[in-house]
Amino acid sequence: MNDLVAIVTGGAVGIGRSISLELAKAKVKVVINYRSSAQSAEELVNEITSFGGEAIAIKADISNFTDAKNLVDKTIEHFGKLNILVNNAGITDDALILRMKEESFDSVITTNLKGVWNMCKHASRALLKAEYGRIINISSVSGIKGNIGQSNYSAAKAGVIGLTKSLAREFASKGVTVNAVSPGFIDTKMTSVLSDDIKNQVLNEIPLKKFGDTTDIAKAVLFLASNDAKYITGQTLSVDGGLSI
Ligand code: NAP
């Protein structure tokens, strides 16, 4: 994958960090987008540079239309092109719908769905122009099965799957593939806030009887970004230990 250029949104911590690392190890030049994790982004740039990879960090709030455009523009300014867009950035703000505030619905939809659309919209021209183009959107098992307390998050993540299928159709004639990866329960900051009771409940439901790690997701993203996945588009690959069966 020498010479390809990727943007990983929310690429400095958690699942995004593993995705940035896996792509960089495959010799992809990586733009690590962050919103608040400036130090982690810089450290990751240094780590990638230390093993001979190429990476830069760019701050942008992908839920903001103009910020998302700047992220793509700065990538093209620096590397001259864009081949792979990984829409990984996401947030949760859980509550039962009886208690959920309108702001919680709006902020999760604006980051997790509109943010993905913003990035796809601004990246599309460069991806369609490139000889090699890939979009990989990170959805969730909650977008497939639904989840109590996540009406906002599940709606956004289900929306990401619909968006993925539409863009797969729009971009297919230019050879650009668009797929989603749907993680189950992965050990990151996002899931660390859950109580032990909830974690044990989820663990019981996972056929493989363990949580995934960030590398499990990153390896799936790397595959979909690679030439080995050239005949796959519009699909959602569940990486969840069987949770969505
Ligand atoms: P995490 O550790 O909480 O990291 C979230 C990432 O999203 C951070 O890099 C954060 O950047 C970035 N982010 C949030 N809002 C942003 C914005 N407006 N603009 C730019 N970046 C933004 O979460 P994670 O577990 O790695 O999750 C990564 C993705 O996987 C998310 O889409 C999540 O929904 C999905 N997922 C996770 C799980 C799981 O079990 N962990 C399961 C299913 C799906 P900063 O730190 O710089 O603010």
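I began with strand 6 and strand 7 (residues 236–239), which pair in the parallel sense over four bridges. I keep in mind that this is a predicted model.

**Entry 1: strand 6 and strand 7.** I looked up the bridge partner of serine 182. In strand 7 that partner is serine 238. Next I checked how covered strand 6 is. Seven of its seven residues are buried. I then sorted the side chains by direction. Thr177, Asn179, Val181 and Pro183 point one way from strand 6. Val178, Ala180 and Ser182 point the other way. I noted the rule behind this: in a regular strand the side chains alternate between the two faces of the sheet.

**Entry 2: strand 5 and strand 6.** I moved to the other neighbour that I had listed for strand 6. Strand 5 and strand 6 (residues 177–183) pair in the parallel sense over five bridges. I looked up two residue pairs here. Isoleucine 136 has asparagine 179 in strand 6 as its bridge partner. Isoleucine 138 stands opposite valine 181 in strand 6.

**Entry 3: strand 5 itself.** Are the residues of strand 5 buried or exposed? I found that five of the five residues in strand 5 (residues 134–138) are buried. I wrote down the two faces. Arg134, Ile136 and Ile138 are on one side. Ile135 and Asn137 are on the other. Both faces are covered.

**Entry 4: strand 4 to strand 5.** I followed the chain from strand 4 through helix 4 to strand 5, and this β-α-β crossover is right-handed. The two strands pair in the parallel sense over four bridges. Leucine 85 has isoleucine 135 in strand 5 as its bridge partner.

**Entry 5: asparagine 83.** I found asparagine 83 in the loop between helix 3 (65–79) and strand 4. Why does asparagine 83 count as buried? Its relative accessible area is 2%, and buried means under 20%. I then listed contacts, leaving out residues up to four places away in sequence. Asparagine 83 touches Asp3, Leu4, Val5, Leu127, Ala130, Tyr132, Gly133 and Arg134. One of these, Arg134, is on my list for strand 5.

**Entry 6: leucine 96.** I ended in the loop between strand 4 (84–87) and helix 4 (102–129), where leucine 96 lies. Leucine 96 has a relative accessible area of 41%, so it is partly exposed. Which residues form a nonpolar patch on the surface with Leu96? I found Leu98 and Ile148. Together the three have about 400 Å² of accessible area.

Notes: Residues numbered from 1 in each chain as written. Predicted model: local features only at pLDDT ≥ 70, side-chain atom pairs only at ≥ 80, totals over all residues. Heavy atoms only, no water. Patch = residues over 30% accessible without salt bridge, like charges linked within 9 Å, V, L, I, M, F, W, Y side chains within 5 Å. Areas by Shrake-Rupley, 256 points an atom, 1.4 Å probe, with all protein chains shown as cover. Salt bridge = Lys/Arg side-chain N within 4 Å of Asp/Glu carboxyl O. Buried < 20%, exposed > 50% of the residue type's maximum accessible area, 1.4 Å probe, protein only. Pairing = 2+ DSSP bridges. Right-handed = clockwise from strand over helix to strand, strands pointing away. Contact = heavy atoms within 4.5 Å.
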